[in-house]
Structures are given as structure tokens and as C-alpha cells.
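Good morning, everyone. Please take a look at the model on the screen, and I will walk you through a few places in it.

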Amino acid sequence: MAETQQKRVQELTRAELEIMQILWQIGCGFVNDILEEISDPKPVYNTVSTIVRILEKKGFVMHKAYGKSHEYYPVVSREEYTSTYMESVLANFFGGSPSRLVSFLSSNKSISLEETDEIIKLLQNK
């Protein structure tokens, strides 16, 4: 294979990402704590429990056991996941070029003039 092999990002499903967002926000919690943070309509307890266990198998969360109860906490930070995910997006869709990403966003009118100015300031400070 001519291309160098990229580190594969373990992408989260929408449900997994929702749970991770909650754990990143609250720091740690039991399934009921996570369930309280989910918007209506809330899934059933077993669904949340299953998703958290999947996240644990994927290496995103760990738990502390208190008898039969488990308190879950993230072991992958939001920043680490975002960085790895965005590197994958850049590599897979934009040839590793941030300027291609910005060009794509601006051509789809997703970036306002204020945001463009903010991007320019950020780049000048780097």
C-alpha cells in the first residue's frame, strides 16, 4: 500500500457521543445520574447501561464498583477525542489540509464574517 497507514479513530455513535458529552460535563456518575441529564424522551435505564458498557469496552470510560453499582468516568478527554477525530476528518476528506477544510466550510456558507475574522486572529497568534 503506497499510503501510510493512518491511526484508525474509533468513532462514537450518536448515542455514545451523547453519553460521553454528559460524562465529560459531570465528571463521573452512575447510570441514573447520566439518565437524569438526558433530554426527553429519555431512553430506558437498560439502554443507557448498555451504551455505557459499550463505551467501557471501547476504552472511553472506566468504572468504580460499589457493590453491584458502578460509577462511570471518562478516561478519554473531550479534547483528546476531538483532536483525534478532526485529524481523521482532515486526513480522510481534505488530504490533511486545514485550508481545504476552511475552504469547504466557507464555500458552503457555514462561516460568517465574524467567524472568518476569528479564524484569522487565531492563525496569526499561532
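This is a predicted model: local features need pLDDT of at least 70, side-chain atom pairs count only at pLDDT 80 or more; totals for chains, interfaces and linings use all residues.

Let's begin with charge. Side chains of opposite charge can pair when their charged atoms come close. How many salt bridges does a search of the whole structure find? The answer is one. The partners are Lys58 and Glu16, and their side chains meet at 2.8 Å, nitrogen to oxygen. Where do the two sit? Lys58 belongs to helix H3, which covers residues 45-58, and Glu16 belongs to helix H1, residues 14-26, so the bridge ties together parts that are 42 residues apart in sequence.

Now compare their surroundings. Is Glu16 buried or exposed? Its relative accessibility is 6%, and the cut-off for buried is under 20%, so Glu16 counts as buried. Lys58 is partly exposed, at 24% relative accessible area.

Glu18 is partly exposed, with a relative accessible area of 37%. Now pick out Leu113. It is 95 residues from Glu18 in sequence, and the two C-alpha atoms are 30 Å apart in space.

Back to helix H3. Thr47 is found in this helix. Thr47 has a relative accessible area of 34%, so it is partly exposed. Leu35 is 12 residues from Thr47 along the chain, and their C-alpha atoms are separated by 9.8 Å.

Next, the loops. Find the one between helix H2, residues 31-37, and helix H3; Pro41 has its place there. What kind of peptide bond joins Asp40 and Pro41? It is a cis bond, with omega at about 0°. For context, most peptide bonds are trans.

Another loop runs between strand E2, residues 69-74, and helix H4, and Ser77 lies in it. Ser77 counts as partly exposed, with 31% relative accessibility. Val61 is 16 residues away from Ser77 in sequence, and the distance between their C-alpha atoms is 9.8 Å.

Gly95 lies between helix H4, residues 78-93, and helix H5, residues 98-107. Is Gly95 buried or exposed? At 57% relative accessible area it passes the cut-off of over 50%, so Gly95 is exposed. Thr82 is 13 residues from Gly95 along the chain, and here the C-alpha atoms are separated by 18 Å.

Last stop: helix H6. It has 13 residues. From its first C-alpha to its last, H6 reaches 19 Å, close to the 18 Å expected at 1.5 Å a residue. How many of the 13 residues in H6 are buried? The count is zero, and H6 is hardly covered.

Look at the charges here. Which residues gather in a patch of negative charge on the surface? They are Glu114, Glu115, Asp117 and Glu118. Take Glu114 as one of them. Its place is in H6, which covers residues 113-125. Glu114 has a relative accessible area of 60%, so it is exposed.

Let me recap. Lys58 and Glu16 form the one salt bridge that the search finds.

Key: Residues are numbered from 1 along each chain as its sequence is written. Side-chain values use heavy atoms; hydrogens and water are left out. Patches are made of residues with over 30% relative accessible area and no salt bridge: like charges are joined within 9 Å, nonpolar side chains (Val, Leu, Ile, Met, Phe, Trp, Tyr) within 5 Å. Accessible areas come from the Shrake-Rupley method with a 1.4 Å probe; for residues, only the protein chains shown count as cover. A salt bridge is a side-chain nitrogen of Lys or Arg within 4 Å of a carboxyl oxygen of Asp or Glu. Lys and Arg count as positive and Asp and Glu as negative; His and the chain ends are not counted. The place of a charge is taken as NZ of Lys, CZ of Arg, CG of Asp or CD of Glu. Helices (H or I, at least four residues) and strands (E, at least two) are DSSP runs, numbered from the N terminus. Buried means under 20% relative accessible area, exposed over 50%, partly exposed in between (1.4 Å probe, protein chains only). The expected span of a helix is 1.5 Å times one less than its number of residues.
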